[in-house]
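Please open the structure in your viewer and keep the selection tool at hand. The tour below moves from one stop to the next, and each stop begins with something to select.

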Amino acid sequence: MALPVMPFFRLVRAGFVMAREGVFGLVSLPDLPAGPRLAIAAARLLERRAVKDKSADLRLSDALNRLGPSYVKLGQFLATRADVVGKDAARELSALQDRLPAFPHDAARKAISDQLGQPVDDIFVDFGEAVAAASIAQVHPAVIRDRDGTERKVAVKVLRPGVTRRFQRDLESYYLVARLAERFHAPSRRLRPVAVVDTLAHSVAMEMDFRLEAAALSEMAENTADDPGFRVPSVDWIHTSKGILTMEWIDGRKMSDVEGLKQDGHDMEALGAAVIQSFLRHTLRDGFFHADMHQGNLFVEPDGTLVAVDFGIIGRLNTRERRFLAEILFGFITRNYKRVAEVHFEAGYVPANQDVDMFAQAIRAIGEPIHGHDASEISMARLLTQLFEVTELFEMRTQTQLIMLQKTMVVVEGVARSLNPNLDMWKTAEPVVGDWIKEHLGPVGKVRDAGNVIAALTRIANDLPLFADRIGHMSEGLERMTAHGLRFDEETAEAIGKAEARHTRSGRMALWVIAISLAAIAVQSVL
């Protein structure tokens with residue numbers, strides 16, 4: 001396999017920057033195998049002397065800022081896991097969610113003018129400086145005058161210049177790592193690293209087109225129109241394009257400002273529960289969820305309503321996957337580990353040659369230590385390590401269709417933990433999951449499923465005459481072919497003749513090239 005030079009050097013640079021900034025010394029994952037432990041120890045030899053006096057939070061944020069937007073995305077994820085990287089590091093990393101350096105105001109105005117085809121001053125009554133800047137885009141406050149003369153405040157999201165190209169370069173490095181892992185490290189093949197990067201690449205491509213984000217906002221608004229305590233901003237479609245998104249301005253406090261939320265008098269336990277329950281409700285009920293629900297993308301309005309923004313990354317689950325998810329969660333909630341194991345086998349997440357009872361035992365070893373304990377008593381780092389060991393022991397392969405769900409569940413739980421350190425994940429999830437189970441897997445659900453089956457059979461019965469007519473035509477055609485042989489119309493025969501002529505010419509040219517090459521070789525051998 002030829003090694004791409006530039007992605008390799010970019011990857012080496014990324015590792016070097018992280019090592020020099022002391023990043024590898026921050027995360028303590030217990031029970032790591034000897035190989036990774038040795039690699040981390042070797043990387044720590046490259047740490048700069050000044051790093052030893054630098055706090056953990058600055059180590060991470062400095063390294064990720066130097067490496068670019070895709071690594072900032074990693075930092076946004078880690079910011080939700082104070083239990084893994086530490087409270088100080090998580091607090092500093094939360095700045096990566098919306099407080100990165102903004103690109104110039106003039107560049108934003110030019111981008112808007114180019115994308116919307118009008119000068120900025122003709123579109124907006126007022127267009128302010130950026131108030132939030134993240135890895136993909138930055139947001140400006142603006143004022144629009146409607147046709148009736150009324151003015152309203154909007155948020156204008158502008159894509160960072162050159163960000164698409166930088167992400168593509170980073171993705172080349174990720175693909176290199178994934179392919180090397182699959183080729184030279186057999187155990188990693190079950191994790192399907194190339195497929196994981198494929199999923200990331202697809203989500204990035206979607207995230208760079210703000211028209212798709214606007215559509216996701218519109219769909220979520222329809223799904224949650226009757227949900228208490230949750231909403232999304234409305235979209236201004238007239239002033240939205242591929243690189244510009246104009247939407248309702250939200251007057252609320254960012255969820256990353258935990259102290260501010262407390263000062264506003266919000267019930268922190270209720271907010272933590274609302275984050276988890278809203279996510280589960282969207283996932284199980286609608287099969288459509290916000291897949292980037294970190295603190296920087298969530299606002300709390302004065303009345304306690306949760307407002308989600310930045311729908312560049314979304315996830316979807318079909319009906320079958322939603323049923324598996326609900327049964328697995330409900331099994332953990334009710335401590336029915338045998339059912340949890342059976343669902344994994346039914347879904348195909350665990351190979352059929354494994355033992356379901358042994359897998360149930362492994363699931364119990366994970367579930368029991370966290371049952372009845374709040375978040376402050378659980379080591380998420382140790383839990384993640386144990387989960388990885390179980391997947392390896394039972395030869396479980398990565399399910400690419402669930403990558404967004406798994407990542408978002410970890411982020412959402414981390415956000416809820418930041419609001420309520422004593423959160424009980426299972427107790428919080430039970431009302432939503434339990435209601436879904438009763439509605440879809442109980443008697444009412446079975447009646448509904450039976451009705452769906454009858455409706456499907458009715459549609460098939462209605463289409464039977466059409467199918468019969470098509471089969472009749474096919475039968476007549478086959479009979480004619482049997483009696484008279486295969487025939488072509490004039491247009492088909494002419495097309496085949498032209499194609500054959502091209503192949504004949506190219507074949508003759510290939511023979512001449514081969515003959516000349518052989519003659520040249522013969523002459524060289526004589527000389």
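Begin with Arg13, which is partly exposed because its relative accessible area of 42% falls between the limits of 20% for buried and 50% for exposed. As you look, please keep in mind that this is a predicted model. Colouring residues 5-20 will then show helix H1, the helix in which Arg13 is found.

Which helix gives the most to the positive patch? To see the answer, select residues 163-184, which make up helix H9, the contributor of 3 residues to this patch.

For the second stop, go to Asn297, which sits in the loop that runs between strand S8, at 288-290, and strand S9, at 298-300. Is Asn297 buried or exposed? With a relative accessible area of 4%, Asn297 is buried, because the cut-off for that term is under 20%. If you also display Asp292, you can follow the side chain of Asn297 to the backbone oxygen of Asp292, which it reaches at 2.8 Å.

The last stop is Glu222, and selecting residues 210-223 will bring up helix H11, where Glu222 is found. Glu222 counts as exposed because its relative accessibility is 62%, and the term applies over 50%. Finally, select Val232 together with Glu222 and compare their C-alpha atoms, which lie 9.7 Å apart in space, while the two residues are 10 residues apart in sequence.

Methods: Residues numbered from 1 in each chain as written. Predicted model: local features only at pLDDT ≥ 70, side-chain atom pairs only at ≥ 80, totals over all residues. Heavy atoms only, no water. Helix = DSSP H or I, 4+ residues; strand = E, 2+ residues; numbered from the N terminus. Buried < 20%, exposed > 50% of the residue type's maximum accessible area, 1.4 Å probe, protein only. Polar contact = N/O pair within 3.5 Å; in protein donor to acceptor, adjacent residues only side chain to side chain.
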